[in-house]
Amino acid sequence: MHRPKTWLLLFVLLIAACAQVQDKINPYYFDILITIGINIVLGVSLNLVNGYTGQFSLGHAGFMAVGAYAAAAASIGITFTYFDAPSANAILAYLADPDQMLFFIVRPLAWLIHFGIWAFLAIMNAILFIHNEVVSHLQLLPRIPQFVGALCYGGGIAALAGFAVGVPSLRLKGDYLAIVTLGFGEIIRVVIQNTEAVGGSRGLSIPSRETGLFGTYLAVALTVYVVVLLVHSTYGRGFLTVRDDEIAAEAMGINTTKYKVIAFVVAAFFAGVAGGLYAHFKQFIHPEGFGFLRSVDIVVIVILGGMGNTPGVILAAILLTILPEGLRALAGWDVLPMSVREIVQNRMILYSLLLIGLMLTRPQGLFSGGGKITKWLKGRASA
Amino acid sequence: MTEFLQQLINGLSLGSIYALIALGYTMVYGVLKFINFAHGDVYMVGAFAGYYLAPWVWKVIPQGKDATAFSWSTSAGAFAVLLLSMALCAALGILIEKLVYKPLRSRPRLTVLITAIGVSIFLENFGQYLFGADPKSFPEILPDRAIEGLGDLTVMVNQAVVLVVTLILLVVLRFIVMKTKMGTAMRALSFNPTAASLMGVNNDVIISFTFGLGSALAAAAGILNAINYPSIDPLMGILPGIKAFVAAVLGGIGNLGGAVLGGIILGVLETLVVGYVSPMYRDAIAFAVLILILLFKPNGLLGRAEKEKV
C-alpha cells in the first residue's frame with residue numbers, strides 16, 4: 001500500500017456508503033457480513049502473534065471473551081462490589097484452624113499466604129475501582145460514543161489480560177506456549193462462569209444491538225491498518241527476527257521478549273474489540289461460546305490464509321465464514337447419501353482434515369506463494 | 001482424618017489415570033521432541049473400544065448370573081477387554097504416527113504441533129459422528145462394591161483395581177524400557193537419534209513402538225477410568241489429556257518416573273481442591289499448576305536442565 005492512509009480513508013468512505021443500505025439487506029446476509037468482519041479482525045490480529053512473530057497462541061478466544069464481557073459490562077453498566085478484607089481473614093482463619101488436617105503444613109506459610117491474599121485483593125480492588133469509574137462515566141454518554149467507549153474499554157481490558165498472560169508465558173517456546181495460552185483461555189472461561197455479576201454460567205444478555213456494518217468494517221479497517229503499519233515498522237522487523245531466529249536476534253541485542261509481548265498485547269486488544277462487536281451483535285454471550293474450539297476456528301483462519309500473510313488471512317476469514325453456510329446447504333441436499341451429509345454437517349471434521357492436509361502439503365497456507373492473485377495482493381500490501 | 005484419607009485414596013486413583021496418560025506424552029516427547037496433542041483422544045478411543053468389545057468378549061467368556069460376585073470368568077473377561085482395547089489403541093497410535101507424523105518428521109516443530117491439534121480435533125469429531133455425541137454408559141465389566149473392614153473409609157473394589165492394574169502396568173513398562181532391546185533402543189534414540197541410528201537402531205521401528213506403547217497405556221487409562229466413572233463420550237479425552245500433559249511437565253517431560261509422580265501429585269491435588277476448597281476450580285487447578293511450574297521450574301520436578309545450543 002503506497003499510501004496506507006489514503007486507502008484507509010477510501011475504505012471507510014466506501015463502507016460508510018454501503019452501511020446506508022444496511023436496513024435493506026436480507027438479515028441472513030447481514031449476519032454473514034458481520035460475522036465475516038469479526039472473523040477478519042480476529043484472524044488478522046492472531047496473525048500478528050502466530051504468523052509474524054512465530055509464536056503459537058491457542059487462547060485467542062479467551063481474550064475475545066474478556067473483551068466481550070468487559071464491553072458488555074461497560075455498555076449495560078455492570079459495576080462490581082469490592083472484595084473485602086474479611087474474606088481474606090476468613091481464608092486465614094480456615095488455614096490457621098488446628099482442626100484442619102493441613103494445619104501443620106500450612107501454619108508456617110499462613111502469614112505469607114495472608115500477605116499474598118491481601119496484596120492480590122488490593123490489586124483486584126484497584127482494577128475494580130477503575131472499572132466502576134469508567135463504567136459509571138460511560139453511562140452518561142450518548143449512545144454512539146458509549147458504544148465506541150465500550151469497545152475500546154473491552155479492547156483495553158483484553159490487552160491488560162494479554163499483558164498479564166504474555167509477560168510470564170512468552171518466555172516459553174512453541175508447544176509450551178500453545179498449552180499455556182490454552183490454559184489461560186480455560187481459566188478465563190472458569191472465572192467468568194463463576195462471576196455471578198456477569199451472569200455466570202447462565203450467560204449475559206445485552207439489551208441493545210449496536211453493532212452494524214459500518215462499525216464492524218471500521219474496526220476491520222483499523223485493525224488491518226494498524227497491523228500493516230506495525231509490521232512494516234521497526235516493531236515489525238523485531239517480530240520477524242523473533243520468528244526467523246530468536247537466538248540470533250538475541251545475539252544482536254534485540255529484546256525478543258519485548259517484541260513478543262507487544263505483538264501479544266496488540267493482538268489481545270483487537271481480539272477484545274472483536275469480542276465487544278460480537279457481544280453487541282449477538283446480544284447474548286455465554287462463557288462456553290469462547291472455548292477451545294473457538295480458538296481453533298481462529299487458528300484455522302490464520303493457517304489457511306498463510307501465517308504472516310495478512311491479505312491471505314482476510315481471504316481465509318471470508319472463505320471460512322461462508323464455508324459452513326455452503327456446507328449446510330450441501331447437507332440439506334438429499335441426493336447425497338446420509339453418511340456424507342452427516343459428515344458434512346460437522347464442520348470440525350472438515351476443518352481438522354483441512355489442517356492436517358495443509359500441513360502435509362502446503363504448510364505455508366492456501367493463499368501464500370507464487371499465485372498471481374497473491375503476488376498482486378502482496379505487491380499492494382508490501383510496497 | 002478419615003475424610004483426608006478418603007480424599008487421598010480418591011486422589012490416588014485419579015492420579016494413576018493421569019499418570020498412565022502422562023507416560024504416553026513423556027515417551028513420545030522423549031523420542032520425537034514434540035507434544036502429541038491427540039494423545040488424550042486415544043484415551044477416549046480406548047474407553048469406546050472397551051464399550052464395543054465387552055459384549056463380544058462376553059460371548060466368548062460367558063459371565064455368571066450373579067452380577068455382584070467375583071469369579072474367574074468376570075476377571076478373565078475384564079482382563080480380555082483391557083488387553084484387546086490396549087492392542088487396538090496401540091494399532092491406532094502406530095497408524096496415526098505412520099500416516100501423519102512420519103511425513104512431517106523433518107519439518108518445523110510448529111507444523112507438527114498444528115498437525116497434532118488437527119488429529120486431535122479429527123478424533124473428537126469423527127468420534128462424535130461414529131459413536132454419537134451423547135454420553136454412553138460403560139458396561140459393568142467388573143462388579144463394583146465397597147471393600148469391607150476398613151472402618152469409616154469407603155474404598156470401592158474398582159478403585160483398588162485401578163491402583164493394582166496401574167502398578168502392574170508400571171512394572172511391565174519399566175521392564176520393557178530398562179531390560180529389553182526395544183527399551184534400550186528407545187532410550188538411545190531419546191538420548192541422540194543420529195548416534196542411535198549409527199549404532200544400528202532402526203529409528204522408524206522404535207518411534208512406532210513408542211507410539212504403540214504410549215497409546216496402549218492411554219487405552220488402559222480409558223478403561224480403568226470408565227469402570228469407576230461409567231459415562232463415556234467422544235469429548236471425554238480433552239481435559240484428562242491436557243491434565244496428563246500438565247502432569248508430564250510437572251514431573252519433567254521426557255522422564256518416565258516424573259510422569260508418574262506428576263500424575264499422582266496432580267490427581268491428589270485436584271481431589272483435595274475439590275474436597276476442601278470448591279469443586280468449581282476442578283479444571284482450573286491443573287492450569288494453575290502448569291503456569292507455576294513453567295515459571296519457577298520449567299524442567300519439572302525430576303527433569304534435568306538442558307542448555308540451549310546455538
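Angles under 35 degrees count as roughly parallel, those over 145 as roughly antiparallel, those from 65 to 115 as roughly perpendicular and the rest as oblique. The model is predicted, and local features need pLDDT of at least 70, side-chain atom pairs count only at pLDDT 80 or more, and totals for chains, interfaces and linings use all residues. Residues are numbered from 1 along each chain as its sequence is written, while chains are lettered from A and ligands numbered from 1 in the order in which they are written.

**Figure 1. Packing of H13(A) against H14(A).** The axes of helix H13 (residues 310-331) of chain A and H14(A) cross at roughly 160° and come within 9 Å; axes are lines fitted to C-alpha atoms, for helices over the stretch in contact, and angles run from 0 to 180 degrees between N-to-C directions. H13(A) and H14(A) are therefore roughly antiparallel to each other. Helices (H or I, at least four residues) and strands (E, at least two) are DSSP runs, numbered from the N terminus. A:Leu327, A:Leu330 and A:Ala331 of H13(A) make the contact with A:Arg341, A:Val344 and A:Gln345 of H14(A), two residues being in contact if their C-beta atoms, placed from the backbone, lie within 7 Å. By class, this contact has four nonpolar, one polar and one charged residues; Ala, Val, Leu, Ile, Met, Phe, Trp, Tyr, Cys and Pro count as nonpolar, Asp, Glu, Lys and Arg as charged, and the others, Gly among them, as polar.

**Figure 2. Packing of H2(A) against H11(A).** Helix H2 (residues 27-52) of chain A packs on helix H11 (residues 256-282) of chain A at an angle of about 165°, with the axes 9 Å apart. H2(A) and H11(A) are therefore roughly antiparallel to each other. Among the residues that meet are A:Ile34, A:Leu42 and A:Tyr52 in H2(A) and A:Phe264, A:Phe270 and A:Phe281 in H11(A). The residues of this contact divide into 19 nonpolar, one polar and no charged.

**Figure 3. Contact of chain A with chain B.** Chain A contributes 31 residues and chain B 34 residues. On the side of chain A that touches chain B, helix H7 (174-193), helix H12 (292-305), helix H14 (338-345) and helix H15 (347-361) each supply at least two residues. H7(A) gives the most to this side, with 10 residues. By class, the side has 23 nonpolar, five polar and three charged residues.

**Figure 4. Elements of chain B.** Chain B has 11 helices and two strands. From the N terminus on, its elements run α-α-α-α-β-α-α-α-α-β-α-α-α. The C-alpha atoms of chain B fill a box of roughly 65 × 45 × 40 Å, taken along the principal axes.
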